[in-house]
Amino acid sequence: MALKMDPASVHEQRQGMATAIVEGLEYIGPCPPQLSEAWIDVPLSNGQTNRTKVVWPKSSGDQPLHCPLVVYFHGGGLSVGNPDMVLAPARGFATVLSCVVACPALNQLPEHQFPGPVRMGWDTCAWLSDAKNLNDGVLGDAGTRVDLSRGFVVGGLSSGAAAAAVIGTIPGAAAVGVEEFAGLAPLQSPITGIFSGIPFLVTEDMLPAQYHDIFKSRGETAETQAAAAAMRLELEPYLGVHSPWFSPINLDLSNPRITQGHPPKVFIYGGQLDQFRDDSVVYAKWLSQLGGVEVRASVLDGGDHSSAWVSLTWPVCHSRMIKETTLDGMAWLLNLEWDKSREDLPI
């Protein structure tokens, strides 16, 4: 019989996060004049839809503005939060890097069992991988067009970062018959990069032996020990931690074809004081076994699990350091440069 998360606890967490997001939206303010944004409903393979926020730069001339696409997932343990949680960085990408940014929902637990939320993320990426769905839809009269030849990056934070990491492995794994990925809608354009910020990708139960010596962050301090114990009790039982839907590290690399088609670039960062710090280290180590994949990985000094550019009002979420880290990673994935001397970074 499937385990069930405590509905009262989930409701309380969702209410708390919803309040924090509303306060965050007040802090970051209305849509800047150089951008447009709108909600769309992305159709999914199960007949449901994914409520997704789309942000894009306005064209300043008579010719259409051709932009890469970034799909950016929010965090929240696959159960809490909404796309407005990452509206601040979405506006930043659109402003500084001239991207169209789609921020899907990723919070179906416990109403839909795992891997439901991550599969919803894949279905959304598959739909967005056909540029005409945005260009003939919400962007139809906007003067801005998605041009996937300029880049198609999938990224996110925390559980959203984990979903992005998994999505990057699905095309190759599905092509060689990995059972868990059978029957999925195919991508219409290949993903060119993965952005994975403070990801949750590893548990002690599924960690391969070769990574034991570098996986220490769950137990380094009393605080991380307590957080890890709570997670083992409250979240991990509801995740298929041995499934490739949970982490790419669960894939069997003895078949080299299993990772063919993996995006050629991956950017990863963790926080020095975060219980998930070594998830990013292990993920980077795992990626180093893949031929043709370039990885940039770092651990932020003094960073913890709040070290992420999000819409919430916490000062660390709007520091210049976290914004530069985020913009550097996304610009590298898109083969772009940006002016680091500018003082007016988006809020």
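## Terms and model

Helices (H or I, at least four residues) and strands (E, at least two) are DSSP runs that are numbered from the N terminus. The model is predicted, so to speak of local features a pLDDT of at least 70 is needed, side-chain atom pairs count only at pLDDT 80 or more, and totals for chains, interfaces and linings use all residues. Residues are numbered from 1 along each chain as its sequence is written, and side-chain values use heavy atoms, with hydrogens and water left out.

## The largest pocket

Pockets and cavities are found on a 1 Å grid over the protein atoms alone: a cavity is a set of points where a 1.4 Å probe fits but cannot get out, a pocket is an open set with protein on both sides within 12 Å along at least five of seven lines, and lining residues have an atom within 4 Å of a point. Grid points are joined across faces, edges and corners, and a volume is the space filled by probe spheres set on the points.

The largest pocket has a volume of about 1200 Å³, and 45 residues line it, with Gly77, Ser158, Gln275, Phe276 and His305 lying nearest its centre. Helices α1 (7–28) and α6 (222–234) each supply at least two residues of this lining, and the largest share, 7 residues, comes from α6. When Ala, Val, Leu, Ile, Met, Phe, Trp, Tyr, Cys and Pro count as nonpolar, Asp, Glu, Lys and Arg as charged, and the others, Gly among them, as polar, the lining of the largest pocket has 22 nonpolar, 16 polar and 7 charged residues.

## The cavity

A search of the whole structure finds 1 cavity of 30 Å³ or more, and the volume of the largest cavity is about 90 Å³. Its lining residues include Gly77, Phe114, Ser159, Trp245 and Phe246, and helix α5 (residues 159–175) gives the most to this lining, with 3 residues. By class, the lining of the largest cavity divides into 9 nonpolar, 2 polar and no charged residues.

## Cysteines

A disulfide is a covalent bond between the sulfur atoms of two cysteines. Here a disulfide is counted as a pair of cysteine sulfur atoms within 2.5 Å, and by this rule the count comes to 0 disulfides. For Cys67, which is in no disulfide, the nearest cysteine sulfur is that of Cys99, 7.2 Å away; for Cys125, also in no disulfide, the nearest is that of Cys103, 12 Å away.

Buried means under 20% relative accessible area, exposed over 50%, and partly exposed in between (1.4 Å probe, protein chains only). Cys67 is buried, because its relative accessible area is 0%, and Cys125 is buried with a relative accessible area of 0%.

Asp147 lies in the loop between β6 (144–146) and β7 (152–157). Its side chain makes a polar contact of 2.6 Å with the side chain of Ser149, where a polar contact is a pair of N or O atoms within 3.5 Å; within protein, one must be able to donate a hydrogen and the other to accept it, and residues adjacent in sequence count only if both atoms are side-chain atoms. Not counting residues up to four places away in sequence, Asp147 touches His66, Cys67 and Pro68, contact meaning heavy atoms within 4.5 Å.

Arg277 is found in helix α7 (residues 277–287) and counts as buried because its relative accessibility is 12%, while a polar contact of 2.8 Å joins its side chain to that of Asp278. Thr326, in helix α8 (residues 320–333), counts as buried at 2% relative accessibility.
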